[in-house]
Amino acid sequence: MVPTAEPLASSTPRCPPHQRPAVATCVRCGTFLCGECTELLGESATCASCLPLLRAHGAASLPLKLAFGLCVAAMMSSPFTLLLPLHVKVDPERALIVLPLLRRLPVLNVLAAGVGGVLASRELRRLGPGARSTPAGSLARWTRALAWLNLGFALLQGLLVLRLVLGLRALAGP
């Protein structure tokens, strides 16, 4: 006797409300979900009843936590870049100014501003307008604020270096 496909079809998981084949399971309660029932929260599939609970008490994503740490580290290292000694060599014959500017450029601040701003905005968009008072929403708002501060410091530092270069060019003469 040849086995039929009937027992195999009945053993596949099905969505309880629609009795369709399941395409995912809820990350919180484990309910089988069809394509119509699946709600996405970030990269996770949830059912409609668990979605508000996960949005209200959801933790911040790991990339956002790392971006927050990067923003804090960049802000803490910012004053030290201003204290670095600057050795200037002016060669008036060639009208050349040699500066070790790479130490002075706030690369970490620019990186933190870009990464922090993008990831914080992505997290706030993922959480939606109603869940911004959650711990994840607070961390995203703080990360975005630190990203703006890092960008402001990077621009300030760039203007100071530009002013120094222009002042040294004037000292070098024609």
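**A look at the pocket lining**

Modeller: Sorted by class, the residues lining the largest pocket come out as five nonpolar, five polar and five charged. Keep in mind that this is a predicted model. The volume of that largest pocket is about 260 Å³. It is lined by 15 residues, and those closest to the centre are L41, G42, E43, S44 and R126. As for which elements supply two or more lining residues, they are β4 (44-46), α2 (51-57) and α5 (107-127). Of the elements, α5 gives the most to this lining, with four residues.

A45 counts as buried because its relative accessibility is 12%, and the cut-off for buried is under 20%. Who is around it? Leaving out residues up to four places away in sequence, A45 touches A24, T25, C26, V27, T38, E39 and L40. Take C26, one of those: it lies 19 residues from A45 along the chain, yet their C-alpha atoms are 5.5 Å apart.

Now for the wider setting. The chain has six helices and six strands, and along the sequence they run α-β-β-β-β-α-α-β-β-α-α-α. Buried residues make up 30% of the 174 in the chain. If you take contacts between residues at least 6 apart in sequence, 48% of them join residues at least 24 apart.

Definitions and conventions. Residues numbered from 1 in each chain as written. Predicted model: local features only at pLDDT ≥ 70, side-chain atom pairs only at ≥ 80, totals over all residues. Heavy atoms only, no water. 1 Å grid on protein atoms, 1.4 Å probe; cavity = no way out; pocket = protein on both sides within 12 Å on 5 of 7 lines; lining within 4 Å. Points joined across faces, edges and corners; volume = space filled by probe spheres on them. Nonpolar A, V, L, I, M, F, W, Y, C, P; charged D, E, K, R; others polar. Buried < 20%, exposed > 50% of the residue type's maximum accessible area, 1.4 Å probe, protein only. Contact = heavy atoms within 4.5 Å.
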